[in-house]
Amino acid sequence: SGAVYHTPITAIPNMTVDTALASYCALDTLIQLEAAVPGGSWSGPGITDSELGTFNPSKADVGVHDLFYTGLPCTYRKHLTVEITPTFSAVYQHGTVYQLCEEETVTLSVTATDSVSYQWFYLPEGEDDVPVLKDSAAQIAVSNAGKYWVNVENSCLAQQLDTIDVS
């Protein structure tokens with residue numbers, strides 16, 4: 001029999017997902033994930049809609065996670081690594097007023113729960129400039145009258161804490 005059969009062959013497009021480490025904060029809102037070829041589904045910690053590819057960092061635990069995209073028409077699987085950075089809480093000498101005698105020193109301090117940086121500021125009595133006192137120190141020793149405050153931050157959150165008056 002001289003019959004010729006033709007079988008259609010469809011090329012499967014290259015499935016691409018940006019696989020670079022993505023960093024998100026634990027407080028971030030919904031993130032829209034995208035794949036080069038639509039029609040697949042997403043899975044992993046923090047995926048809130050597998051078909052639309054919505055990711056909510058606050059639903060995933062702090063740390064590094066793999067998110068997966070499974071594409072169609074084949075079972076093609078690609079992963080994306082994400083890191084969820086925590087926010088922090090800080091304990092501070094809230095609203096404290098210190099009275100210094102001549103040549104006396106007082107230590108001002110702040111304690112935070114996670115890896116943060118500190119930046120202390122000092123405003124001398126009667127001045128308007130704000131010089132930086134110290135960077136990256138959880139505590140400072142002061143002997144000058146004025147107002148002191150500290151900024152505490154990590155890659156997710158910056159927080160200016162209340163002023164401490166030293167007179």
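In which sense do β1 and strand β7 pair, and over how many bridges? β1 and β7 (residues 76–85) run parallel, joined over 4 bridges.

## Ground rules

This is a predicted model, where local features need pLDDT of at least 70 and side-chain atom pairs count only at pLDDT 80 or more, while totals for chains, interfaces and linings use all residues. Residues are numbered from 1 along each chain as its sequence is written, and side-chain values use heavy atoms, with hydrogens and water left out.

## The four-stranded sheet

Here's the sheet that holds that pair: an open one of 4 strands in the order β1-β7-β6-β3, with mixed pairing. β1 (22–25) and β3 (41–43) sit at the edges, each pairing on one side only. Neighbouring strands here are turned by 30° against each other on average, direction ignored (axes are lines fitted to C-alpha atoms, for helices over the stretch in contact, and angles run from 0 to 180 degrees between N-to-C directions).

Strands are DSSP runs of E, at least two residues, numbered from the N terminus; two of them pair if DSSP finds at least two bridges between them.

## β11 and β14

Strand β11 (residues 117–124) runs antiparallel to β14, with 8 bridges joining them. W120 faces V150 in β14. As for cover, 6 of the 8 residues in β14 (146–153) are buried (under 20% relative accessible area; exposed is over 50%, partly exposed in between, with a 1.4 Å probe and protein chains only).

## A buried loop residue

N56 is in the loop between β5 (54–55) and β6 (63–71). N56 counts as buried because its relative accessible area is 12%. Leaving aside residues up to four places away in sequence, N56 touches D28, L30, G46 and T48 (contact means heavy atoms within 4.5 Å).
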